[in-house]
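Okay, thanks for coming, everyone. I'd like to talk through some helix packing today, and then a pocket. Let me put the structure up.

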Amino acid sequence: MSKWHKKNAKTASVDETKRKLVVQMADEESYAYFMSGDYERATQWVDNTLRLAPQHLGARILLARICFLEERTSDGLAIAEFVLKNYAASLSAEDKEELAEVLDCYGTTKEDEIRAGYPAIARFLQLDDAAPKAQTEAFQPLAQQVQRIEAQPVQQMQLSQQSAADDEK
């Protein structure tokens, strides 16, 4: 490798390290403002973080959380859908836990809307499987009662046939 290439490689390495540090600082600033309740500044720092590192999942999840807290539910759901659709494979356990915490309430209160418009969230919250199972469990007592009612005429017919056979004897 030439001296020029080595020097540029070192410069690129230093620049990348600086960029990572700036991203980390921006992320910490956004979270600090979020925790203090200053969602406007937190959003500005999230934007800064995403400008420097568009793939930063923590910043996107924090932005979704801010949207939910500011009652911008559709924006929050759209951000969560984007994260789950495009970055599901690279989500850490911590990211998944945070997303589950953020989305849990909406999975129960806006279940139909999520199924219809946000398929990645529906899969993440396992709403696809939960509905048929919940419906089956909810209707199970009714199904048992229907079986008993349907069985009664058969049993009554068998009893009447048996009593008629006994009368003939």
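So, let's start with H4 and H5: H4 passes H5 in a left-handed crossing. Keep in mind that this is a predicted model. The axes of H4 and H5 come within 12 Å and cross at roughly 135°.

Who makes the contact here? On the H4 side you've got Thr 73, Leu 77, Ala 80, Val 83 and Leu 84, and H5 brings Leu 99, Leu 103 and Tyr 106. Sort the residues of this contact by type and you get 7 nonpolar, 1 polar and no charged.

H4 covers residues 73-87. H3 and H4 pack at about 155°, and their axes are 7 Å apart. With that angle, H3 is roughly antiparallel to H4.

From H3, we have Leu 57, Arg 60, Leu 63, Ala 64, Cys 67 and Phe 68. Those meet Thr 73, Asp 75, Gly 76, Leu 77, Ile 79, Ala 80, Phe 82, Val 83 and Tyr 87 in H4. By type, the H3 and H4 contact has 11 nonpolar residues, 2 polar and 2 charged.

Next up, H2 against H3. H2 runs over residues 39-52, and the axes of H2 and H3 come within 10 Å, crossing at roughly 155°. So H2 is roughly antiparallel to H3. The crossing of H2 and H3 is left-handed.

On the H2 side, the contact uses Tyr 39, Ala 42, Thr 43, Val 46, Thr 49 and Leu 50. H3 answers with Ala 59, Arg 60, Leu 62, Leu 63, Ile 66 and Leu 69. That contact of H2 with H3 splits into 9 nonpolar, 2 polar and 1 charged.

Right, on to the pocket. How much space lies in the largest pocket? About 150 Å³. Its lining is made of Asp 27, Tyr 31, Phe 34, Gly 58, Leu 62, Arg 65, Glu 94 and Glu 98. The elements giving two or more residues to that lining are H1 (3-36), H3 (57-69) and H5 (93-109).

And how do the lining residues divide by type? For the largest pocket it's 3 nonpolar, 1 polar and 4 charged.

How values were computed: Residues are numbered from 1 along each chain as its sequence is written. This is a predicted model: local features need pLDDT of at least 70, side-chain atom pairs count only at pLDDT 80 or more; totals for chains, interfaces and linings use all residues. Side-chain values use heavy atoms; hydrogens and water are left out. On a 1 Å grid over the protein atoms alone, a cavity is a set of points where a 1.4 Å probe fits but cannot get out, and a pocket is an open set with protein on both sides within 12 Å along at least five of seven lines; lining residues have an atom within 4 Å of a point. Grid points are joined across faces, edges and corners, and a volume is the space filled by probe spheres set on the points. Helices (H or I, at least four residues) and strands (E, at least two) are DSSP runs, numbered from the N terminus. Ala, Val, Leu, Ile, Met, Phe, Trp, Tyr, Cys and Pro count as nonpolar, Asp, Glu, Lys and Arg as charged, and the others, Gly among them, as polar. Axes are lines fitted to C-alpha atoms, for helices over the stretch in contact, and angles run from 0 to 180 degrees between N-to-C directions. Angles under 35 degrees count as roughly parallel, over 145 as roughly antiparallel, 65 to 115 as roughly perpendicular and the rest as oblique. A crossing is left-handed if the near helix is turned anticlockwise from the far one by less than a right angle, and right-handed if clockwise. Contact means heavy atoms within 4.5 Å.
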